[in-house]
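Here is a short briefing to read alongside the model. Take a look at the structure first, then walk through the points below.

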Amino acid sequence: MTAPATPPVSPGTSAPPPARSGRGPRVEAHGIDVIGDDERHGRARDLFGVWAAPNVSYLSLVVGGALVLSGLSLLQALAVIVVGNLCWVLVGLVSVSGPAAGAPSEVIMRAMFGTRGNRFVIGLNGWLVSVCYVALSWSAASVTAFSLCARLGVELNTLGKVLVIVAIAAATLAISVYGHAVIVRLYLPLAIVTTAVFLVLGGFLIRHTAWSYQPPAPLHGVALWAALAGGVALVASASLSYNNSADFARYLPRDTKPFAVAAWTAAGAFLPSIVFTALGAFAATTLDMSDPQAALESVLPPWFTPVFLIAVILGAIANNAMTVYSSGLALQAIGVRLRRSRSVLLDGTAGVLLTLYALLVSDFLKAVNDLMQLMVVVLGPMMAIYVTDLLLRRNRYDGHALADERRGGPFWYVGGVHWPGIAALVLGAAASASCLAVPGMYTGFIAGAAGGIDFSLPAGMLIAAGVYLLAGRPRASA
């Protein structure tokens, strides 16, 4: 594919900024526009810290505890943790499209869904889900901060809680606004600090681990398979939400080896996720992880508890900063004409309002949490379509062609929509929904007929990939 002589400027972006926009402690000027070869820098191994920092996470401990609470033995829970986290390999594979195109995932996905069709898909997954996730994560971090203040003897009234929420959001948005260069520089030392704290925590938890743990009522047959399948879907859902991994690799030089990009991305997320989710499972063998914070604090010395709580807050900030960064790009890809820094602030404001409403006004947080559990129906098929398209094209993405949104452009397809991509997503989501089983909330008809076994993850991904492979192949060289 031949790039146009004068690269078009996508809606929501300005003309290409000066050459050092991706370097140094300054606000990143690039949005969804193509990163020129003269502005490419860095090494693939820089991605390890970028992905490790947000995955040294309190959420991992909670998920590990939930696996044991669901009735699995320790060995079964550890097997689920390994299998579920293998989906980080897909995140690594998707990231190689960033250096190839010099563009973020939100633009590259125009190849799969068309210039107009992609706006709807990104609006749902790249923006709405991101803002909801930010609200969930900020809520958890804020509750932790409230607990830290109480331990330090500071009783917070409503105004105090609002100030804490805003402070956490401000720290997150500062990272997101400064952008790529700050994330790359900050996240490795942040990962080292939080890893050290969590490893100390692990030392305390291992002392309380019952290595031969078996659940009081061991699961068998259909019940066991349902718990295993549901556990894999729960663990995998975190990685499947990161189909935007090209966002953080697009500044790498075009000739960076794809294997190195994929390997450092996947390893950065996979290793801490495995270790710290396993720690949660270890803890659940003797502690009541239905209230994780109280359970963990019960085995920690008083001097270490505040350190642990601060590490939890830092991990949430690191995770949310990446999410808000990508949601700002998503807003531009939808067609909102704002500079990236302003789109980040807009998304951050929406996240803060949702967080305030969730914590101070209503039980809105539960509704959002339920929505996120159901999103695996869309996340799995979207990841499968992205990986299939990348393999069909052999990672040959032309960033300038992808940036061309004109009628009749390279990725205009039919009326601005690539119908094979949309069909693959819809059919994959329908298959996933029919095989989904979320106890107490929703059970698809196939999952119900199978005794509550959740096949949503493999069903949605295989159907989406198969449909796209067959229907999308004629346009694979577009």
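Of the 478 residues of the protein chain, 58% count as buried, where buried means under 20% relative accessible area with a 1.4 Å probe, protein chains only. This is a predicted model, in which local features need pLDDT of at least 70, side-chain atom pairs count only at pLDDT 80 or more, and totals for chains, interfaces and linings use all residues. Residues are numbered from 1 along each chain as its sequence is written, and side-chain values use heavy atoms, leaving out hydrogens and water.

**Overall fold**
- The protein chain holds 21 helices and two strands, taken as DSSP runs (H or I, at least four residues; E, at least two) numbered from the N terminus.
- Its radius of gyration is 22 Å, close to the 23 Å that the globule rule gives for 478 residues, so the chain is as compact as a globular protein of that length; the radius is taken over C-alpha atoms, and the rule is 2.2 Å times the number of residues to the power 0.38.
- The C-alpha trace spans about 65 × 50 × 40 Å along its principal axes.

**Contacts**
- Among contacts between residues at least 6 apart in sequence, 84% join residues at least 24 apart, a contact being heavy atoms within 4.5 Å.

- H15 (residues 340-360) has 21 residues and reaches 30 Å from its first C-alpha to its last, close to the 30 Å expected at 1.5 Å a residue, a span counted as 1.5 Å times one less than the number of residues.
- Buried residues of H15 include Arg 340, Asp 347 and Gly 351.
- H19 (residues 419-434) has 16 residues and reaches 22 Å, close to the 22 Å expected.
- Among the buried residues of H19 are Pro 420, Gly 428 and Ser 434.

Methods:
Buried < 20%, exposed > 50% of the residue type's maximum accessible area, 1.4 Å probe, protein only.
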